[in-house]
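I'm opening the notebook on this one and going through the ligand site, the salt bridges and the surface.

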Amino acid sequence: MKALVYHGPGKRSWEEKPKPAIKDATDAIVRIEKTTICGTDLHIMKGDVPTVTDGRILGHEGVGVVEEVGSAVSSFKKGDRVLISCITSCGKCEACKKGMYSHCSNGGGWILGHLIDGTQAEYVRTPFADNSLYLVPKGVDEDALVMLSDILPTGFECGVLNGAVKPGDTVAIIGAGPVGLAALLTAQFYSPAELIMVDLDANRLEVAKQFGATKLVNSGDGKAVEKVMALTGGKGVDVAIEAVGIPATFDTCQDIVAAGGHIANIGVHGKAVSLKLEKLWAHNITITTRLVDTVTTPMLLKNVVSGRLSPRKLITHEFKLDDVMKAYDTFGNAAKERALKVIIRKA
Ligand SMILES: NC(=O)c1ccc[n+]([C@@H]2O[C@H](COP(=O)([O-])OP(=O)(O)OC[C@H]3O[C@@H](n4cnc5c(N)ncnc54)[C@H](O)[C@@H]3O)[C@@H](O)[C@H]2O)c1
Ligand SMILES: [Zn+2]
Ligand SMILES: [Zn+2]
């Protein structure tokens, strides 16, 4: 089969690889129909994720058709159309029983396109299929569903749920990338009064407005804090969602959170951030962190089926699977190409 293979920092190719086979009784083999590229794949390409080794097939998102199942798989059969979760989970260990699928201690967690071969290929082996795949409802927009493999649950679980967004809240989301926009879409389940979107990129802010942001803050002038405080009458925000992953934007969250508020971190941080306890100790703040569990995928799926959630809006570019190398070039130049998510289809 053909697959997108990582060969060390800056090196990737679309090449011939052996078709995967069932290894464990709980595995399924899925024929990929649609996949996409994540910001995390770009981090891998830069060499930021050293646990990804030379020869690894990338990709942790996708929709496909079950080709074969192991003897212990009871919920899926050959021919079923399935959504592949970016998080693999046994469903049985202590972490899984707590809903912390990303901390599955039986060899689950984020492994696809990381520790084992991923979805940017014609076929993928999905371990713990019963708990890690979701049946695609008939008639649903499958392109849109690909956004449920990772982006939507990430924005919702790490940002909106951990941030405890409530009706009437003033919410600021720092970072209008796919993850920040996913938080913006799903925060609206809770009817917050204001959704303030902060980014440096005027195009992404414009997109955020179409997605339901009530106020836009361009932080290119370094004045994000002053602008958010002015927009909130000096009070700050009830929930500050960090969706960038750098010290400056976490600092912004610490400076704009109102007393009693939440800071919900989503961003993957590579550098230490200083905690402003000298100010926050008396502010009754809750700070949360989380690796996405995709435990809300069934709920998000229902909302896509009913039309309450339209993740298709996130798709800006389309490619054929054979052109996945071109898709990387486009997604890697997201600002210039005005790209949010690309959809990569088999045919
Ligand atoms: N916690 C998790 O489980 C999890 C899962 C997936 C992704 N992530 C992380 O979420 C973050 C967002 O992901 P993404 O794919 O949307 O990333 P992205 O790079 O596409 O988007 C980041 C956005 O932040 C903006 N930005 C950069 N610097 C800024 C600044 N100083 N002020 C304001 N805006 C700024 C950029 O213009 C861009 O629009 C990343 O750190 C990613 O690694 C976390
Ligand atoms: Zn991802
Ligand atoms: Zn487990």
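Predicted model: local features only at pLDDT ≥ 70, side-chain atom pairs only at ≥ 80, totals over all residues.

Does Arg290 count as buried, partly exposed or exposed? I looked it up: Arg290 counts as partly exposed, because its relative accessibility is 24%.

**Entry: Arg290 and its partner**

I checked the side chain of Arg290 next, and it meets that of Asp293 in a salt bridge, 2.8 Å from N to O. Asp293 counts as buried, because its relative accessibility is 3% and the cut-off for buried is under 20%.

**Entry: ligand 1**

Arg290 also turned up when I went to the ligand. I find 22 residues around ligand 1, and Arg290 is listed with the closest, along with Asp199, Arg204, Val244 and Val292. By class I get 12 nonpolar, 6 polar and 4 charged residues in this shell.

Then I went through backbone contacts. A polar backbone atom of Arg290 sits 2.9 Å from a nitrogen atom of ligand 1. For Val268, I read 3.1 Å between a polar backbone atom and an oxygen atom of the ligand. Pro178 has a backbone N or O atom 3.2 Å from a ligand oxygen.

How much of the accessible area of ligand 1 does the protein cover? On its own the ligand has 870 Å², and the protein covers 81% of that. I also asked which elements give two or more residues to the shell, and they are helix H5 (151–161) and helix H6 (178–187).

**Entry: salt bridges between strands**

The structure has 25 salt bridges, and I followed up a couple of them. As a reminder, side chains of opposite charge can pair when their charged atoms come close.

Arg31 and Glu67 have their side chains in a salt bridge at 3.4 Å, N to O. Arg31 is in strand S3 (residues 28–35) and Glu67 in strand S4 (residues 62–69), so this pair ties together parts 36 residues apart in sequence.

Next I looked at Arg81, which forms a salt bridge with Glu33; their closest N and O atoms are 3.3 Å apart. That pair also links distant parts of the chain, with Arg81 in strand S5 (residues 81–84) and Glu33 in strand S3, 48 residues apart. Arg81 is partly exposed, with a relative accessible area of 31%.

Which residues make up the network of salt bridges here? I noted Lys19, Arg31, Glu33, Glu67, Arg81 and Glu142 as linked in one.

**Entry: Glu68**

I also looked up Glu68, which is in strand S4. Glu68 is partly exposed, with a relative accessible area of 39%. I took the C-alpha to C-alpha distance from Glu68 to Glu142 and got 21 Å, for two residues 74 apart in sequence.

**Entry: a nonpolar patch**

Last stop, the surface. I found a nonpolar patch of about 450 Å², made by Leu275, Leu277, Trp281 and Ile287. Where does Leu275 lie? Leu275 is in the loop between strand S12 (257–265) and helix H10 (277–280). Leu275 counts as partly exposed, because its relative accessibility is 45%.

Note on methods
Residues numbered from 1 in each chain as written. Chains lettered and ligands numbered in written order. Heavy atoms only, no water. Near = heavy atom within 4 Å. Polar contact = N/O pair within 3.5 Å; in protein donor to acceptor, adjacent residues only side chain to side chain. Areas by Shrake-Rupley, 256 points an atom, 1.4 Å probe, with all protein chains shown as cover. Helix = DSSP H or I, 4+ residues; strand = E, 2+ residues; numbered from the N terminus. Nonpolar A, V, L, I, M, F, W, Y, C, P; charged D, E, K, R; others polar. Patch = residues over 30% accessible without salt bridge, like charges linked within 9 Å, V, L, I, M, F, W, Y side chains within 5 Å. Salt bridge = Lys/Arg side-chain N within 4 Å of Asp/Glu carboxyl O. Buried < 20%, exposed > 50% of the residue type's maximum accessible area, 1.4 Å probe, protein only.
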